[in-house]
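Keep the sequence and the 3D view open while reading.

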Amino acid sequence: MNQPGIGYQDTLQTIINFLPSGITMFNADQQMVVCNRIFRTMLEFPDSLFDDGLPTLRELALFNAGRGEYGEGDPQVIADQVCERARGMQPHVFERQRPNGAVLEIRGAPLPSGGWVSIYTDITDRKRAEQEAQRYSTYLDTVLNSLPQGVTVVNEKLGVELWNKRFENLLNLPEGVLYPGVPFEEVIRKNAERGEYGDVDPVQKARDTVALAMKFEPHRLERTRADGRTLEIEGRDMQIDGKVAGFVTTYTDITDRIRNEEALRRVKNMMSDAINFSPTYIWETDAEGNYTHLQGVEHILGFAEQNLLGLPRAAMLHAGSDTSGEVAQRMKAREPVERLVVEARHMSGATVWLSTSARPVFDPSGRYMGYRGVDVDVTEITLARQELEQIALHDTLTGLANRRKFQDRYELERLRQARLGLPLTLILVDVDHFKQVNDVWGHIVGDICLKAVANLLASHLRPIDLVARFGGEEFLVLLSDANAAEGAMVAEKLRRALEGKSIDTGLEAQPSLQITASFGVTTLLPSENIALEAVIERADGAVYAAKRGGRNRVCIAEGG
Ligand SMILES: Nc1nc2c(ncn2[C@@H]2O[C@H](COP(=O)(O)OP(=O)(O)OP(=O)(O)O)[C@@H](O)[C@H]2O)c(=O)[nH]1
């Protein structure tokens, strides 16, 4: 190649012009002897460099150094270094990035006759693709290794191509089991050998698993390892261009989830038992107060749960019950409710007393979602309490309020009347000659008469008035907002009603009786602050006057 003939040179030129790379040859004197067009265009050498024939290596290097092709530095020095390096050159391959960003792969080989040949390939695209691939592989690596699941990717020939650290950890895989491309069968077999699948024949197990895997069908299974942890294994086939390209398997440690689910189930069962074995039901409403959840309501209120869902909770409560207003008010203010007793309706129409405890529910962002509560059936205890109250505050013979209840009511009324500036009138009723009734017709008839008087008094009074049995054959009437004249009128009305009343005795000898009573009326002015005993004393004075006056009459107490 030292002194190529013209024919040889032309042939060579023709050949290298056809090659897809840039090619150049230098002789031992570092004089270029041939190059193709691709070489010149690839390196953007101007035609002027070739005007006086092919350049020497120094000319090229100087030109290149001048345009920064080799980086910073004195062009002369750089060109000298390039020429120096070219001497005694060994075969080499290196990459050079050009100032314009293009990456060239430069292969050089010495020629037997001295000199060398250099082949330039533009590998910019390949480099970019490699970098892209590298970047994606880094992404993939990062993603795979930050996943909480173990992941494996197996190719269509069942070679394990990819896995993450989590997979190795989850299966405590010994060193060396996994390597790029390791046959899936080998992994299964080694796993079987270390007892991962229990007492199985490793070879058979590997064969069976491979046969299943070869179907490339999606699958999901749970497996509990010897260490007690349970894995959920989910496989999905992978398609590339419509063809099966392998499968991806994820391994999720669901031990905690299972434990939590079990704990939740246990709590639910316990709750369910607690609800079913006690007179309790639980409920939830939405923000509008409509039921969204109910448990155990049927054994308390008779309604099936599904029939109440969506209905307003208020619909089941008696609006008139003592505390239902308070419960509604609390709920409106989004306040907790604690053991407030409300009256509810059983499906049969009966009244059920419920002790309600509830609290508002808010979502994590603080938005009001509704109420959650527990209702306890307290009907029995409420009725028992009501009965006790009835006994404690009422007269057993007549069912009227007793002295204690009268006293309480008097205190309340007195304060109210004083506040409103209204009079309050009290009537003391004393049955006339009652001793005779007892003596002549016996105690039982006496009792009948007392009950008849009680009924008569109660039925002739307004609901806001109160009549009580004061003791023996004496009754007390409290008239709200009534002055002395009104009081006297009411007393007279009662007197006449009693006088005209024929009481059935149930006796053959005396089927009916008529009795009368003496009435003492006293009125309390708003400015007066007098204890009940003193008021009764005043009324008693008036009764005494009525008795003295011949009985069966109304007398107004002196001084009111
Ligand atoms: N049957 C019955 N008698 C009662 C009861 N409580 C009190 N008595 C009787 O009521 C009578 C009251 O008699 P007195 O206080 O003497 O008065 P009176 O006979 O009504 O005479 P005047 O009041 O003066 O008209 C007594 O004989 C009591 O035993 C009761 O619960 N049942």
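Which residue in E13 stands opposite glutamate 284? It is histidine 293. This is a predicted model: local features need pLDDT of at least 70, side-chain atom pairs count only at pLDDT 80 or more, and totals for chains, interfaces and linings use all residues. Residues are numbered from 1 along each chain as its sequence is written.

- Helices (H or I, at least four residues) and strands (E, at least two) are DSSP runs, numbered from the N terminus.
- Two strands pair if DSSP finds at least two bridges between them.
- E12 (residues 280–285) runs antiparallel to E16 (residues 368–377), and five bridges join them.
- Threonine 280 faces valine 376 of E16 in this pairing.
- E12 also runs antiparallel to E13 (residues 291–295), with four bridges.
- E12 and E13 make a hairpin with five residues between them.
- In that turn, glycine 289 has a positive phi of about 90°.

- E9 (residues 219–224) has six residues, and the number buried (20 or more other C-beta atoms within 10 Å of a residue's own, with C-beta atoms placed from the backbone) is zero.
- E9 therefore lies largely in the open.
- Six bridges pair E9 with E10 (residues 230–240) in the antiparallel sense.
- Histidine 219 sits opposite glycine 235 in E10.
- Five residues lie between the two strands of this hairpin, and glycine 228 takes a positive phi near 90°.

**The five-stranded sheet**

- The strand order in this open sheet is E2-E1-E5-E4-E3, with antiparallel pairing.
- E2 (32–35) and E3 (92–97) stand at the edges with a single partner strand each, so one side of each has no neighbour in the sheet.
- Neighbouring strands are turned by 20° against each other on average, direction ignored (axes are lines fitted to C-alpha atoms).
- Within the sheet's strand order, E4 (residues 103–110) and E5 (residues 116–122) pair antiparallel over seven bridges.
- Glutamate 105 stands opposite threonine 121 in E5.

How values were computed:
Axes are lines fitted to C-alpha atoms, for helices over the stretch in contact, and angles run from 0 to 180 degrees between N-to-C directions. A residue is buried if 20 or more other C-beta atoms lie within 10 Å of its own, exposed if 12 or fewer, and partly exposed in between; C-beta atoms are placed from the backbone.
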